[in-house]
Amino acid sequence: MSGQKTKAVYLKEYPAGMPADGDFVVKEMDVPSPGAGEMLCRTVWMSVDPYMRGRMRPDVKSYIPPFSLDAPLEGGAVSEVIESNIDGYATGDYVVDFTGGWKEYYLSKGERSQKVDPNLAPLSAYLGVLGMPGLTAWAGVTQILEPKEGETLFVSGAAGAVGSLVCQLGKIKGCRVIGSAGSKEKCDWLEKEAGVDVALNYKDYKNAGELTKALAAAAPKGVNCYFENVGGMHLEAALNCSALGGRMALCGMIAVYNNKEPEPGPSNLINMVGRGVMARGFIVSEYMDKAMEFAMEVAPLLAQGKIKFQESVYEGLDKAPEAFIGLFKGENMGKAVIRVGPDRL
Ligand SMILES: NC(=O)c1ccc[n+]([C@@H]2O[C@H](COP(=O)([O-])OP(=O)(O)OC[C@H]3O[C@@H](n4cnc5c(N)ncnc54)[C@H](OP(=O)(O)O)[C@@H]3O)[C@@H](O)[C@H]2O)c1
């Protein structure tokens, strides 16, 4: 493919507060040639995920290094192998990896690539329900919360990539499930398609007190399990409504990712003491060794139609910044994915 041009997205500058289109720039370059021990991959689908915002803060120490301004951004992708100098990878194979996002072509050493079967599920599902967000949801539910039949599970960010699977796993395990999301359309989907018992549109509530009242009405026996995706008033309401021996899986707090200054913590942490609440934060990479167990449980449920998922599809690499910004404005239904190129050329 020598001489052929390709595109990749760079950060022009680190965003201050809410990311904006002008923080990103699309650059053109030559398609690279694979050397020994490398393969050339073509990105078919790429993912935008909230954790990427954390990589846009060079001043904050994190579990993952910040993005450089001098290299293309990276992220989860499903890609087609175009040319391979690596044993075990052949032209036409599909792989998932964590670097191929934000670019059309890239070189890979295959170290963190995993082959995927295009006949088992739509390729984009490997970035959502069968991918990193799916494993996150499954790990938080099965390894941390361990909900029991008849218990009440509250899920914030309930209509998103992670939250929507959490809700449905909770229903399969026999829980009363209450989900919170930011629009009527999302709440309708949660109740009518995902089977949650009560969906709360958090935008109807001005503060933690109002959300607490609505949650308490929906959870008359208290909240046994809370899956935290949002933070802020959701955490405060969950603490107010926690049952004795409540468990919390702290997965993310998207409501604070664009804050310029740290926000004061919830004022009602004392509830954890009297009610014996256990809270456990986690990062999905902790559970990579459970990926097969996750796939064996969730893939059949998906194939049987017992688990549903939604995607917001953006067309073309140029739309990636818009899709990413949309994560923080609630613009996506379910998993946000970008179709960078066709499944096959
Ligand atoms: N710990 C881990 O390893 C791990 C892995 C994956 C994801 N996560 C975390 O899990 C959470 C969900 O991730 P996801 O990939 O499933 O994203 P997502 O839910 O598909 O997309 C983000 C959603 O968050 C909601 N949101 C954005 N700003 C908000 C705000 N200020 N207040 C309330 N809701 C807001 C929006 O939905 P609404 O319309 O409902 O507002 C938006 O659609 C994030 O916190 C993410 O960082 C953690």
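Predicted model: local features only at pLDDT ≥ 70, side-chain atom pairs only at ≥ 80, totals over all residues.
1. Start with the layout. The chain splits into two domains: domain 1 covers 5-128 + 309-339, and domain 2 covers 132-285.

2. Now look at where the domains touch. Domain 1 puts 23 residues into the contact, and domain 2 puts in 16 residues. The buried area between them comes to about 1500 Å², and carbon and sulfur atoms supply 60% of that area.

3. Who gives up the most on the domain 1 side? Look for Arg 57, Gln 310 and Met 333, which lose the most area to domain 2 and together make up 26% of what that side buries. By class, the touching side of domain 1 has 13 nonpolar, six polar and four charged residues.

4. What about links across the interface? The rule finds zero salt bridges between domain 1 and domain 2, but it does find seven residue pairs in polar contact.

5. Next, the rings. The structure holds eight aromatic pairs. One of them joins Phe 282 and Tyr 287 edge-to-face, with 6.1 Å from centre to centre and 70° between the planes. Are these two buried or exposed? Phe 282 counts as buried because its relative accessibility is 6%, under the 20% cut-off. Tyr 287 is buried too, because its value is 7%.

6. Finally, find Phe 24, Trp 102, Phe 324 and Phe 328 on the model: ring pairs link these residues into a cluster.

Conventions. Residues numbered from 1 in each chain as written. Heavy atoms only, no water. Domains from an automatic or database assignment. Contact = heavy atoms within 4.5 Å. Buried area = accessible area lost by both parts, 1.4 Å probe. Salt bridge = Lys/Arg side-chain N within 4 Å of Asp/Glu carboxyl O. Polar contact = N/O pair within 3.5 Å; in protein donor to acceptor, adjacent residues only side chain to side chain. Nonpolar A, V, L, I, M, F, W, Y, C, P; charged D, E, K, R; others polar. Phe/Tyr/Trp six-rings, centres within 6.5 Å; stacked < 30°, edge-to-face > 60°. Buried < 20%, exposed > 50% of the residue type's maximum accessible area, 1.4 Å probe, protein only.
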